[in-house]
Amino acid sequence: MKAIIALLPGDGIGPEITVEAVRALHAVASRFGHNFIFEQADIGGIAIDKTGKALPQETVALCKQSHAVLLGAVGGPKWGPSSKVRPEQGLLGLRKELGLFANLRPVRIFPSLQSHSVFRPEVVQGVDLLVVRELTGGIYFGEKRREGTWAMDACTYSEAEVERVVRRAALLAMSRRKKLTSVDKANVLETSRLWREVTERVVKREFPQIELEHLLVDACAMYLIRRPSEFDVIVTENMFGDILTDEASMLSGSIGLLPSASLGEGRLGLYEPIHGSAPDIAGRGIANPYGTLSSAAMLLRHSLGLEKEALALEEAIAQSIQKGALTVDLAPASPLSTSEVGHSVEALLLNPTSS
Ligand code: IPM
Ligand code: MN
């Protein structure tokens with residue numbers, strides 16, 4: 001197939017890691033006979049420097065005309081919290097413009113990396129969970145105000161916003177172990193009480209086969225560490241999902257491993273690692289590209305409908321990790337560079353039997 005992929009490298013390590021995902025996607029294209037065309041645009045700090053805006057209209061237009069969007073990361077000390085225009089506004093704006101309300105963040109454990117986790121092997125063994133984070137509502141997008149010594153961020157959710165993301169999470173649970181954990185703070189927040197009611201209704205009515213549990217977010221933070229392998233699909237609001245997935249990434253050994261897919265009603269999706277722009281290591285060629293490579297596999301699956309190709313890329317990633325092709329975050333004694341890891345995955349894709 002011919003597909004147009006919008007490429008938004010962004011800031012910090014974004015350009016270094018996306019280059020490796022593009023390399024892998026070219027290898028997939030050549031092995032399976034596809035034609036992927038990459039069209040690059042600016043977002044975040046680099047866009048602010050060039051145009052004054054974190055999300056130029058051309059970037060939005062390009063994404064809307066593409067089959068999928070591959071993004072690196074945005075942000076950096078140059079455009080700190082006190083700047084008037086901030087890189088993060090570009091990413092939030094793009095998620096909203098494209099209607100990407102469901103953010104899928106799978107957490108898997110690669111067997112050879114079990115010893116790299118800060119957790120004991122028996123705790124992380126068998127972990128295979130998926131966090132579905134609501135992405136275009138909640139406190140991220142509510143009214144914000146500052147008056148003198150006082151500040152406000154409003155958190156709002158409508159029934160419809162909760163319904164669609166819970167439905168998406170339930171559908172994903174149906175193709176997995178049919179267990180759904182909904183996370184809220186219903187003992188304190190009104191939005192959480194609405195969230196819980198709507199979730200209960202949607203799942204009981206439309207997915208009676210699913211085992212549904214509700215957890216308060218503070219308890220969930222604890223259970224993610226105490227019994228992570230018991231989770232299947234977790235669905236939660238925007239900010240809780242942001243925080244819980246950074247926590248959950250530690251189960252896998254490095255935040256650099258975790259991919260994400262942001263999806264809306266149609267096929268168009270945005271794919272990015274869950275980590276940030278890591279300005280402290282930017283430009284040194286040492287960033288872990290596996291999270292972005294796995295995001296590219298999700299792109300093949302969810303936006304292009306290429307399941308076989310997605311599995312081939314995931315298999316190459318798993319083999320490469322198994323072989324010990326690791327960056328400094330996971331192999332401080334004998335690290336490979338970002339591009340050496342990318343070449344390792346490329347080679348395994350192009351010569352699948354040679355490993
Ligand atoms: C993420 C990031 C973003 C978020 C930032 C960069 C706005 O932390 O994708 O998890 O909070 O959603
Ligand atoms: Mn985050």
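These questions and answers cover the ligand site and the aromatic pairing of a predicted model.

Q: Which residues are around ligand 1?
A: A residue counts here if one of its heavy atoms lies within 4 Å of the ligand. For ligand 1 that gives Glu 88, Arg 95, Arg 105, Arg 133, Tyr 140 and Asp 242.

Q: How many residues of the shell around ligand 1 are nonpolar, polar and charged?
A: Tyr counts as nonpolar, while Asp, Glu and Arg count as charged. The shell therefore divides into one nonpolar, no polar and five charged.

Q: How much of the area of ligand 1 does the protein bury?
A: Ligand 1 sits in the largest pocket. Oxygen atoms of ligand 1 lie 2.7 Å from a polar side-chain atom of Arg 95, 2.8 Å from one of Arg 133 and 2.9 Å from one of Asp 242. Taken alone, ligand 1 exposes 320 Å², and the protein buries 79% of that.

Q: What kind of aromatic pair do Tyr 157 and Trp 195 form?
A: A search of the whole structure finds one aromatic pair. Its ring centres are 5.5 Å apart, with 75° between the planes. Planes over 60 degrees apart count as edge-to-face, so the pair of Tyr 157 and Trp 195 is edge-to-face.

Q: Where in the chain do Tyr 157 and Trp 195 lie?
A: The pair links distant parts of the chain, 38 residues apart. Tyr 157 is in the loop between β7 (150-153) and α6 (159-174), and Trp 195 is in helix α7 (residues 190-206).

How values were computed. Residues are numbered from 1 along each chain as its sequence is written. Chains are lettered from A and ligands numbered from 1 in the order in which they are written. This is a predicted model: local features need pLDDT of at least 70, side-chain atom pairs count only at pLDDT 80 or more; totals for chains, interfaces and linings use all residues. Side-chain values use heavy atoms; hydrogens and water are left out. A polar contact is a pair of N or O atoms within 3.5 Å; within protein, one must be able to donate a hydrogen and the other to accept it, and residues adjacent in sequence count only if both atoms are side-chain atoms. Accessible areas come from the Shrake-Rupley method with a 1.4 Å probe; for residues, only the protein chains shown count as cover. On a 1 Å grid over the protein atoms alone, a cavity is a set of points where a 1.4 Å probe fits but cannot get out, and a pocket is an open set with protein on both sides within 12 Å along at least five of seven lines; lining residues have an atom within 4 Å of a point. A molecule sits in a cavity or pocket if more than half of its atoms lie within 2 Å of its grid points. Rings of Phe, Tyr and Trp (its six-membered ring) pair if their centres lie within 6.5 Å; planes under 30 degrees apart count as stacked, over 60 as edge-to-face and the rest as tilted. Helices (H or I, at least four residues) and strands (E, at least two) are DSSP runs, numbered from the N terminus.
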